[in-house]
Amino acid sequence: MNALSRRDVIRTLTLGTASSSVLSMIPLQAAEHVHKMIREDKSKSSSGSYSPKFFPAHQYKTLQSLCQTIIPADGESGGAIEAGAPEFIDLLTSENEDYQLKLGGGLLWLDSACRDRFGKVYLECSSTEGKEILDLIAYRESSNQDPNLVYGIQFFAFLRDLTADGFFTSRIGISYLKYMGNEALPEFLGCPPLPEP
Amino acid sequence: MLEIIRPAKVYDVCIIGSGAAGGAAAKVLTEGGLDVVMLEAGSPVNPAKDFKMFTWPYELAHRGAGVGGDGYNDFGRTEFMAPNGSWTIEGEPYTSGPGSNFRWFRSRIVGGRTNHWGRIALRFAEVDFKSRSTDGMGDDWPITYQDLAPYYDKVESYIGVFGSKENIPSAPDGIFLPPPKPRCSDLLIKKGCDKIQIPCVPARLAIITRPVNGRAACHYCGQCDRGCVTASNFSSSQVLIPPALATGRLHLITNAMAREILVDASGKASAVSYIDRTTKTEQQVRAKSFVLAASACESARLLLNSKSRAFPRGLANSNGVVGRYLVDSVGTDGAGYFPQLEKMPPHNHDGTGGMHLYVPWWKYDRKNEFLRGYHLEFGGGRVMPTVGQFNGVGYQFQGYGSGFKQRCREKYGTVIGMAGRGEMIPNEQTYCEIDPEVVDQWGIPVLRFHFKWSENEIKMAKDMQETMKAIIEAAGGTYLTRTATSGQNPYGIMLGGEIIHELGTARMGNSPKTSVLNGFCQAHEAKNVFVTDGACFVTNPDKNPTLTILALSWRASEYLLDQAKKGNL
């Protein structure tokens, strides 16, 4: 099986489906093989640099910083940047006007709010200042003190969802969750013993 | 003006649609020796290339979310599901009447919606064919369970269905392959069911746990809805169309959008006019008989658009019944959080696509606040992480940073979702008709839907919510779902069409005054026209319709074959 090239396997698959005399069926091992090769191809082609499709440089840097603050690296795994969350968010935003409004507008709101409070944009704030503004917009309750925060709260909630999606659907995020599966099994083993509640 | 090419060739049968009904008809008719042409509105499917089996989210540009995140709101637009269908098709609108909001999921591809369906394969029960005799509502079918049982046998033996013999009157046993072992989520729900004396038994899904007719057994990746490259579950494109093609008697024309069935001077159906989507030209194909299998609403649309001197209200529609009696399934969902699952060691939870256990309708032996019944489905736990899974967590936990990241992991795999699926009784305010003002990009008048749930369905949804809550709490979980008791969707009842079980729009019956077809799916008014998809259904019990569509189409096709051989068509 290993001697086969990906193209050979794909060709076999295509022939299988085109020839009408058999059910369009391929052996399990072939499917697994294709899967493995696709994965290897992808890992080879992943490049370090990414050019944002929607956000201008300053906004993209702010986005990256916010994503990494939402899901930071720790002893167990990388964070949102290593997981490619900012790329994922930028790509979707480049294709969706609603996202452009929510995220593009949200990032501008954040810089304005920081300028009002600290006289500088978010990325230039000290870590204490950055934490101060995020601690306000990361919780819905803050709007009780200051109704003007609603815009920021909505922006941050939306960004947090997308960041979580970007992180937990990445290779490192899936491994951090300890998901096991997406493979061919001869038999399904069922549930290990349930712990007592 | 372009000349419409009228071919000389006359096929024995023209089948319109390649899904469950069309596939079954193609297999039976070609293997019976007839010369068949099939029109499919969509493109061919290449499982090895088009199905995303084993693909990780990070291998897709949008992580599966679809262009611009469209998949968040339309599961048909995720990259995993593509290219199998969607709630919206560009250039092919449908409309809703005042006060109605109907959603219509359509596929334009060989195999249609069987490429991604839930594979739930439940037989109707005896009582499901005798609704009016049983409770005075709706109508009886012109056929009985005994008429259809041999065809359920044939279909199950051929496509492969796992399950277990349970002797439950509301859910007749079939010919089953061994069911897979339960997942943790299945066992937890069963524990709750046991406590409150609700049956919870192995599910019945058209997924093969042993090799069947040269198809490999399931490999338990849990991704049936993406399409299966090894054809280890049932799809028309992989299980019915290939043997029909193998006879050499099936001519499959793809990208062929049927516009109208044409009748000759004597009023007999003689040809189908269709638009070739690739060239945007009108073509015709001639045949002696016609099998409409384009899905309940598309088939109704085709009949209604086939107006002639003989049939001014549309083919086989002198009584105005086509488009009436439209139903979907009653559906409402719930979810529970199970803290004990936080301590579950990581393990492979994938299994087959869909649930391994289910709750069949169990209150058939008592008087309820509503007529008819429902079943419960469930799923969740340590499934492959996908986009959208953590949105609720963000809302719940708020905050950010390491604590947020850790809580997301603790929470992963601890929620089990449930779904109630029940019977809707046809009502006067629910039907489809031709919109008098709108055509699609092919120039074909589109459908306008009218939809209303009646009190019976609302009461059923209430009962579903109460039962799901009771089961989850009995199993040691916390019920997370909150639904309003009134308003647009009381008790979380879904919009019409959202369960994708639309049926009944050209129903069968004994009387030509109140039905379109006889018990063999043959039009009362046009003997060489058959409608074998969900349009022919008289009722829509809580048994997902695909298995019954297959059995009805198989039976109708054997009848057609017999009639053709006798020269009666």
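Tutor: Start with a definition: two strands pair if DSSP finds at least two bridges between them. Helices (H or I, at least four residues) and strands (E, at least two) are DSSP runs, numbered from the N terminus. This is a predicted model; local features need pLDDT of at least 70, side-chain atom pairs count only at pLDDT 80 or more, and totals for chains, interfaces and linings use all residues. Residues are numbered from 1 along each chain as its sequence is written, while chains are lettered from A and ligands numbered from 1 in the order in which they are written.

Now the four-stranded sheet. In chain B, 4 strands form an open sheet with antiparallel pairing, in the order β11-β12-β9-β15. β11 (374–380) and β15 (478–479) of chain B are the edge strands; each has a single partner strand, so one side of each lacks a neighbour in the sheet. β11(B) pairs with β12 (residues 415–422) of chain B in the antiparallel sense, over 7 bridges. Within that pair, E377(B) lies opposite A419(B) of β12(B). In general, strands of a sheet pair through backbone hydrogen bonds, either parallel or antiparallel.

For them, two residues are in contact if their C-beta atoms, placed from the backbone, lie within 7 Å. Axes are lines fitted to C-alpha atoms, for helices over the stretch in contact, and angles run from 0 to 180 degrees between N-to-C directions. Helix α11 (residues 455–474) of chain B lies across β9 (330–337), β11, β12 and β15 of chain B. α11(B) runs at about 20° to β9(B). Helix α5 (residues 184–195) of chain B packs on the sheet too, touching β11 and β12 of chain B. The direction of α5(B) makes about 135° with that of β11(B).

The two helices also meet each other. The axes of α5(B) and α11(B) come within 7 Å and cross at roughly 105°. They are therefore roughly perpendicular. Here, angles under 35 degrees count as roughly parallel, over 145 as roughly antiparallel, 65 to 115 as roughly perpendicular and the rest as oblique. α5(B) contributes I189(B), G192(B), C193(B) and K195(B) to the contact. α11(B) contributes I471(B), I472(B) and A474(B). By class, the contact has 5 nonpolar residues, 1 polar and 1 charged. Ala, Val, Leu, Ile, Met, Phe, Trp, Tyr, Cys and Pro count as nonpolar, Asp, Glu, Lys and Arg as charged, and the others, Gly among them, as polar.

Next, another sheet of chain B. It is open, has 3 strands in the order β3-β14-β13, and its pairing is mixed. β3 (95–96) and β13 (431–439) of chain B stand at the edges with a single partner strand each, so one side of each has no neighbour in the sheet. β13(B) runs antiparallel to β14 (residues 445–450) of chain B, joined by 5 bridges. I434(B) faces L447(B) of β14(B) across that pair. Helix α8 (residues 296–305) of chain B packs on this sheet, touching β13 and β14 of chain B, with its direction at about 60° to that of β13(B).

Finally, the setting. Chain B has 12 helices and 16 strands. Its C-alpha trace spans about 75 × 55 × 50 Å along the principal axes. Among contacts in chain B between residues at least 6 apart in sequence, 73% join residues at least 24 apart. Across the interface, 62 residues of chain A are in contact with 72 residues of chain B.
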